Amino acid sequence: MNAIRTFRRTFVGGYMKIFDEGWGKAKQRMKTAIKPGPGFDVGWNNPNMPLNNYDIVIIGGGVMGWSTAYWLMHKVPRKARGKIGLNVLVVEKDPSYTRASTVLSVGSIRQQFTLPENINMSMFSSHFIRNIREYLSVYEDDPPDVQFNPQGYLFLATAEGAEQLKQAHDTQVALGAKVRLFTKRQIEVKFPWLNTDGIELGNYGMENEGWFDPWLLLMALKKKAISLGVNHCHGEVTDLVVEAKPGVVEGRLCKRITHVKVKMPNSIQYQNVKAGHIINTAGPWAQDIAKMIGIGQEDPMGLDWELQAPLPVEPRKRFVYVFHCPQGPGLDCPMVVDPSGMYFRREGLAGNYLCGKSPEEHEEPDAKHLEVDYDFFNETIWPKLANRVQAFEEIKLRMAWAGYYDYNTVDQNAIIGTHPIYDNLYLANGFSGHGIQQAPAVGRAVAELLLDGEFKTLDLTRFGFERFLRNEPIREKNIV
């Protein structure tokens, strides 16, 4: 027996030591072989790795995602959060937000829409922004300040568009918006620097309209949500897993998403996150998420006809230009929206102005990159600027950038609510340039729908996905 023990210690033990050393070297060789470049991490202890189970997973960490996360936690009483055990995860593909619609927007807010839902959402968001310290202050931090400038919007209308502008004004006033109609003469008195040739009426926002810093709003929402217990990770959602057998909910065949596959950055690691509910706030790339579970796929058999309707959201590139004009309108310059769709406003206090215009359908630029088209400014925007403000005939272009609209290709309005087939998938997409100003209201609405089962404060039912199945688009006439 002693001889056998000695043999095991010397021969087998020595062999295992050699084997372990060889395996260690082999593992190192494998790491080196599969390592694609600098910054790659094949380690198995990633502190960024999310847990494997959450009640709610929010895909997209822009202003819409963080607003929804904030309202989800805000609705649960502080004393009850631990007892309820509400775990929320926000997955951010790009925490630097270099391509995010949020930080590349002009950060404006207006009540001057034609649909009651849009008016009501912006009215609440304006209240939220003006009282942001009450909503988003974090203990022991400085109160948030998004530098809201209540300068107002001035929508101009020709004789052909005057009646529509008046109808929109009446709807806005009926809902409590502080707007005022100006005749051509009143516009000339109020804004003597403005050329009113071809203008019949103007609608001016007296309160709760203007602009703010979108980055500061995003950071305030994010910081507050995290302070309330929201989890977040830097990762990319690469797949959604659907349960094998559909169920029946209220007599309808429904499917459920069970897991979200989250890939870690610069790594081969991923986590299959089990999720009770999924919220798509992926902005311009929301359709990519929808396609992972067959939304928009062709079905020759016609069995899942409700899945054939795509999520009609795509990235559309928009340019913003900043120019200098010392002789311009000065401090008393609101956000002016020309009948042509061109807009401009004051930017700061040093004679700078910001402007832009949505291109016509045949002018849509390539959205694969964020390069700026300066010919679009020189040939399309500048002539309209110089026509409306004589001082703008002599300007110096200071800078420009491009950002994305999460563009709803059907009716340019928000898509809010659950999907008719996937009963645990919530949508907050397709804002077509209005997302930054509607985010506080939309986040609250989605939280209500998920936690209460219905909209409580603002009824946004008409913005549901089902309108595409019924072929009943909702048109907003005041699109900029």
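How many residues does helix α8 have, and how far does it reach from its first C-alpha to its last? In this predicted model, α8 covers residues 214-227, which is 14 residues, and reaches 20 Å between those two atoms, close to the 20 Å expected at 1.5 Å a residue.

**Overall architecture**

The protein contains 12 helices and 20 strands. Of its 480 residues, 50% are buried. Among contacts with a separation of 6 or more, 75% join residues 24 or more positions apart.

At the start of α8, a side-chain oxygen of Asp-213 comes to within 2.9 Å of the backbone nitrogen of Trp-215. The helix is followed by Gly-229, which has a positive phi near 110 degrees. The buried residues of α8 are Pro-214, Leu-217, Leu-218, Ala-220, Leu-221, Lys-222, Lys-224 and Ala-225. They pack against the helices α2 (63-75), α4 (116-130), α5 (132-136) and α11 (435-452), and against the strands β2 (88-92) and β8 (231-234).

| Helix | Residues in helix | Distance between end C-alpha atoms |
|---|---|---|
| α8 | 14 residues | 20 Å |

**Val-146**

Val-146 is located in the loop between α5 and β4. Its relative accessible area is 2%, and it is therefore buried, the cut-off being under 20%. Beyond its neighbours within four places in sequence, Val-146 is in contact with Ile-129, Ile-132, Phe-212, Asp-213, Leu-216 and Leu-217. Val-146 and Pro-214 are separated by 68 residues in sequence, yet their C-alpha atoms are 7.3 Å apart in space.

**The second largest pocket**

The second largest pocket holds about 610 Å³ of space. Its lining consists of 28 residues, and those nearest its centre are Pro-339, Gly-341, Lys-477, Ile-479 and Val-480. By class, the lining comprises 11 nonpolar, nine polar and eight charged residues. At least two lining residues come from each of β4 (153-157), α6 (162-174), β14 (313-324) and β18 (396-408). The largest share, three residues, is supplied by β4.

Definitions and conventions. Residues numbered from 1 in each chain as written. Predicted model: local features only at pLDDT ≥ 70, side-chain atom pairs only at ≥ 80, totals over all residues. Heavy atoms only, no water. 1 Å grid on protein atoms, 1.4 Å probe; cavity = no way out; pocket = protein on both sides within 12 Å on 5 of 7 lines; lining within 4 Å. Points joined across faces, edges and corners; volume = space filled by probe spheres on them. Helix = DSSP H or I, 4+ residues; strand = E, 2+ residues; numbered from the N terminus. Nonpolar A, V, L, I, M, F, W, Y, C, P; charged D, E, K, R; others polar. Expected span 1.5 Å × (residues − 1). Buried < 20%, exposed > 50% of the residue type's maximum accessible area, 1.4 Å probe, protein only. Contact = heavy atoms within 4.5 Å. Polar contact = N/O pair within 3.5 Å; in protein donor to acceptor, adjacent residues only side chain to side chain.
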